[in-house]
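Hi everyone, thanks for coming. Let's bring it up on the screen.

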Amino acid sequence: MKNKYRILKIAVTVIILGFLLSFSLKKFSGQKITDNKISVKMSEKTPVYFIDEKDIREIVKKENPSGKVGELNIPALEKKINALPAVDSANVYLNLNGKLNLDIRQRVPVFRLNKNGQDFYVDEKGIEFPISKTYSHPCMLVTGDVQKDEYKKLAELVEKIDKDDFSKKYFIGISKDNGDYNLLTSEGNYKVEIGDLDNIEFKVKGFKTFVEKYLVYQDPEKYNMVSVKYQNQIVTTLNPYFKENDSILKASHKDLAKAPVIAVKRNDDKPRPAEVKKTTKKITSSSSKPKTVAKPKETKKTEKKPTAEKPRTKAKVKIE
């Protein structure tokens with residue numbers, strides 16, 4: 001009897017709890033999600049404004065026109081927000097009091113790429129997304145035929161430049177010409193050729209050494225390009241439009257014009273022997289000895305071979 005009473009008691013309790021739970025769920029589902037019950041948080045470290053709170057609220061209203069909690073499809077809403085190009089991740093959830101929370105993280109551009117006449121942003125993960133009509137984020141401008149598999153390495157290069165005070169001061173842009181990357185500088189009209197995206201720290205260190213030991217004493221418009229893509233050396237190209245370079249360029253042209261031309265002898269050009277005229281005399285008597293005719297001495301002409309100028313070696317800067 002006692003066991004039957006206990007089973008009956010448990011059954012009644014479960015029925016009552018089920019009734020209360022269904023009543024609570026019905027009441028909870030019928031609640032309205034008003035504007036004050038929608039919480040939108042942007043969790044990115046660097047502030048960006050590709051989307052704002054107003055845009056998110058409009059998406060919520062479109063996904064749930066009635067505004068009731070029971071008719072809100074949270075997975076579908078979360079998927080809709082994640083599909084936005086400027087959104088990196090989105091997390092949507094409801095509290096027991098009916099408050100809708102949306103934690104959103106936007107993509108932060110590392111550089112802006114101009115490729116084939118089109119502009120778009122690329123984030124730290126190497127993912128591209130379109131520019132906004134209402135907001136422009138300040139970041140490094142990159143031009144040229146950059147491939148998608150290079151986005152991530154290029155993003156790492158830009159981040160290193162932004163973190164280093166020296167690099168951030170000098171480099172304001174990146175271009176890719178004929179397969180080689182060039183860093184555009186803020187001083188003068190020269191660019192720094194780095195070649196590929198490997199050993200970036202070593203190449204930047206080499207340029208820094210060149211600047212501190214030599215370039216600070218020169219006019220920044222003297223050079224057209226400073227190349228650090230070669231190992232342990234720096235090659236500079238003069239700017240032909242800089243007036244002070246005229247004398248250097250003219251001197252180099254004169255040196256090339258004065259360079260002697262060395263004659264090369266052929267194997268078949270053998271020296272011909274000196275021709276000796278034969279003189280014949282009549283012998284008057286048998287006792288008289290014939291006079292010997294002395295042959296003229298052949299004098300060997302020594303040709304002075306012009307000394308070829310030693311080729312000038314390019315100045316090299318050793319990178320320690």
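Let me start with the contacts, where contact means heavy atoms within 4.5 Å. Of the contacts in the chain with a separation of 6 or more, 51% are between residues 24 or more positions apart.

A quick word on what you're seeing: this is a predicted model, where local features need pLDDT of at least 70, side-chain atom pairs count only at pLDDT 80 or more, and totals for chains, interfaces and linings use all residues. Residues are numbered from 1 along each chain as its sequence is written, and side-chain values use heavy atoms, with hydrogens and water left out.

The chain has 7 helices and 12 strands (DSSP runs numbered from the N terminus: helices are H or I, at least four residues; strands are E, at least two).

Now the salt bridges, meaning a side-chain nitrogen of Lys or Arg within 4 Å of a carboxyl oxygen of Asp or Glu. The count comes to 13. Which residue does lysine 153 pair with? Its partner is aspartate 198, with the closest N and O atoms 2.6 Å apart. Lysine 153 lies in helix H4 and aspartate 198 in the loop between strand E10 and helix H6, so the pair ties together parts 45 residues apart in sequence.

Next, lysine 229 bridges to aspartate 180 at 3.0 Å. Lysine 229 sits in the loop between strands E11 and E12, and aspartate 180 in strand E9, so parts 49 residues apart in sequence are tied together.

Finally, please find Asp88, Arg105, Arg107, Asp123 and Lys125: salt bridges that share partners join them into one network.
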